[in-house]
Amino acid sequence: MTAAAPKASGSVTRDSLANFVRKYLIVFIFLGMCVLLAVFSPNNSFLKPQNMINVVRQISVIGLLALGVMLCIIAMGIDLSLGSVLGFSAVVTASLVQQQGWKEALYPGLSLPAFVAILAGLGVGITLGAVNGGLIAAFKIPPFIATLGMMTMARGFAYIYSNGRPVSTLVPEFLWLGGGDILGIPVPIIIFGIVILLTHLMLNYTRFGRHVYAIGGNETAARVSGVNLGQTKVLIYTFSGLMAGLGGVVLTARVQSATPALGMGYELDAIASAVIGGTSFAGGIGTVWGTVVGALIIGVMNNGLDLLNVSPFYQQVVKGVIIIVAIIIDERKNR
Amino acid sequence: MGDEVLLRMTGISKAFPGVQALDDVHLDVEAGTVHALMGENGAGKSTLMKVLAGIYRADSGTIFLGGAEVHVPDSSTALRLGIAMIHQELSPVPAMTVAENMFLGREPVNRFRLVDKRVMVAQSQAVFDKWSIDINPRRVMKTLSVAQMQMVEIAKAISTDARLIIMDEPTSAITEREVEHLHRMIRSLRESGVAIIYITHKMDEVFKIADFVTVFRDGRHVATLPAAELDRQKLITLMVGRELTHLFPKEDVPIGEVVMSVRGLTRRGVISDISFDLRRGEILGLAGLMGAGRTEVLEAIFGVTKVDSGEVVINGKTIHIKSPADAIEAGMGLLTEDRKLTGIMGVLSVRDNMTIANLNRFSPGGILRKRQMDAACKAQRDALAIKTPSLAQLIKNLSGGNQQKVLVSRWLLTLPDVLMIDEPTRGIDVGAKSEIHRLMSGLAKEGKAILMVSSEMPEILGMSDRVLVMAGGRITAEFSRAEVTQEKVLEAATLVAPAA
């Protein structure tokens, strides 16, 4: 025993170093990508403050959706309807803040304060999310199927509502949400930052948050421990819907108009962000910070491949490879 | 009857974490005989048969079939050798037809290499006709009754030309008439030279159908005798003939007032008219064989499953429990039987696992008081001597005994009056076992009322102030600590009660 002791303590430090690297692997990968881009991007364009801000601005919408779907995945579910709910929220929001007198406006005479439109957009997200959760909780429909149905329906709602046309010419007060800044920091980034913080607090410092992890960790055990499965699931999907609604509001303000096709396919980037960030499809595992880094990786990757003049066709392949590699690493980590 | 030894298993040992399931076991089975395996829960019968059928791999030992040594690494090898096992939990594909299930994995094909359904149906029909089984092979499996599925499984075994058919509790879910039919089939199989190994808890059946009986106890072979030389009393003695060397330390504490009364609890087809009182400071043992309905009683009381009738009174108040949340609110805790399946949340921390059932206490308004929670968890860890590097450790990295202690903590932190514990020491090592027992004893001393389900006779006898025995979904006997014996418990547990 005594002879083995020093050897053991030596291997403990090596183990803890290995653990440290493994735990923050995703951060190292992210930093590595940044270093590579800093070195190889033409004219050092990657490190220019304007470019960095652009990256974060671009991921702020995907990041919101990623936080929403992360909750679903932790609880062994999924939300495929995010992009479509975003689209519906976007056209509803935009229709309420079109400039008065614009002849092609959906409601030409209408003049509402911007916050009403924002609440309407969030309301769309909350409502459709609650419907998702209700279907999953009450009828025991697999989340994949329930949200797949909602994905198609919400997209349809967006087209019906907007008659299939772009909803544009919006009032400047509203556009501030997408283009404005506070102390030089773009508003979408501030919104994303606040949501990150609140989501982190919600998951770690509220009863609801622990219930989410418990359901993913072992649904039966959670039930026997008194967790109200139905209620918790409805809340999870409502939160996810709220994120999509908020994403619709922010994105509309950023691109200054809404089309019914807005956000198509965004759910896939959101799922990829969560998964690259270490959220486990086996349930019970996932952190806000991981998901944010996952979203940053997706954003930096898109940006970097542009800066390096990689053809968009190749970009898709590279993105796919990175997602798969991330999962393989994750699998090995959990073994 | 043949006297040619068809199967010889010698020196078979198999250990699972925390338990020696089989210890140097031997078994001879002659062709053309029905050989019954008997023993209490966990005696090693099913484990031995799973080794033979290639589902488990033995740590040591040899198997001879028809005089030649064979290796059975997997179940397809077993089938090829002519060994077919019909499991207690049947494993058909419910969405496929009977014929498709009959030929699963060996589907006949036509000359285009496509599955030939007509041949499948015809051959299935032929087997059914020969054994007078009245089932249409075109029917979808899930539309059959359990008994019919059983028949299909048996027919399937026959149609693979098995020389040895293992039946694990084949009559646990079928009616009297169907049992008759099954026994007729077994007799004609025996005529044709097939050997049948028949695992059962029902003694009457053994005397009706078996030629030989082998009794196991605690993973060891006790005796093999011709059925004709046995009677019920002898058999019970062989099954329990254990010396109770390591009795458990339930201290004598004053038994207080009634905390929980269960009255006429019934869930159709599962449990029937369950009534008992549970008192402060008391450990009430619920004994019985597998499938007797013990776990189901706990689940019904705790609101995990719905009941058809009956009521639960706690501290003099009749309560309506619709969900486990209600039960916790009323002052109950349920430590479930299957730690992995319904107990731990493996990828979550020790802290999360400890607090999941009692978050209400620590979260007024839904916001967690982390410091209070941590203090409570640390106190539990120290009080129960839970060995974990930190509260942040994932629970799956702990030993079974320590996991169990974490789960006990989970319920203690809900401050229950009544703690129901299903198999308190299953799958944990001997040292941790006695720690859990000491812990339970201490809880009783503090005035908690404990309802304990256990399949381990020494645990039942050593820990309980009072023992209820269940069979067929009913309570068949009640014994005080002074009058209870292994024989009495087993006698009551093997009573053939009318189906609930």
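Glu423(B) sits in the loop that links β17 (418-422) to α16 (430-445) of chain B. Start there, and keep in mind that this is a predicted model. Glu423(B) is not a glycine, yet its phi is positive, at about 50°. Most residues other than glycine have a negative phi. Is Glu423(B) buried or exposed? Glu423(B) counts as buried, because it has 21 C-beta neighbours inside 10 Å and the cut-off for a buried residue is 20 or more.

Now turn to Arg113(B). This residue lies in the loop between α3 (98-102) and α4 (117-130) of chain B. Arg113(B) also has a positive phi, of about 65°, without being a glycine. Its surroundings come next. Arg113(B) has 7 other C-beta atoms within 10 Å, so it is exposed; the limit for that class is 12 or fewer.

Step back to the whole chain. Chain B holds 18 helices and 20 strands. The C-alpha trace spans about 70 × 55 × 45 Å along its principal axes. Of the 500 residues in chain B, 48% are buried. Consider also the contacts in chain B with a separation of 6 or more: 70% of them are between residues 24 or more positions apart.

Strands of a sheet pair through backbone hydrogen bonds, either parallel or antiparallel. Here four strands form an open sheet in the order β12-β11-β14-β15 (chain B), and the pairing is antiparallel. The edges are β12 (271-279) and β15 (317-319) of chain B, each pairing on one side only. On average, neighbouring strands of this sheet are turned by 20° against each other, direction ignored.

Follow the sheet to β15(B). Strand β14 (residues 309-314) of chain B is joined to β15(B) by three bridges, and the two run antiparallel. Val312(B) has Ile319(B) in β15(B) as its bridge partner. Helix α9 (residues 294-302) of chain B lies across β11 (258-267), β12 and β14 of chain B, and runs at about 110° to β11(B).

Finally, look at where chain B meets chain A. The contact takes 24 residues from chain B and 19 residues from chain A. On the chain B side, α10 (324-329) and α11 (339-343) are the elements that give two or more residues. What kinds of residue make up the side of chain B that touches chain A? That side divides into 15 nonpolar, six polar and three charged residues.

Notes. Residues numbered from 1 in each chain as written. Chains lettered and ligands numbered in written order. Predicted model: local features only at pLDDT ≥ 70, side-chain atom pairs only at ≥ 80, totals over all residues. Contact = placed C-beta atoms within 7 Å. Nonpolar A, V, L, I, M, F, W, Y, C, P; charged D, E, K, R; others polar. Pairing = 2+ DSSP bridges. Axes fitted to C-alpha atoms, helices over the stretch in contact; angles between N-to-C directions.
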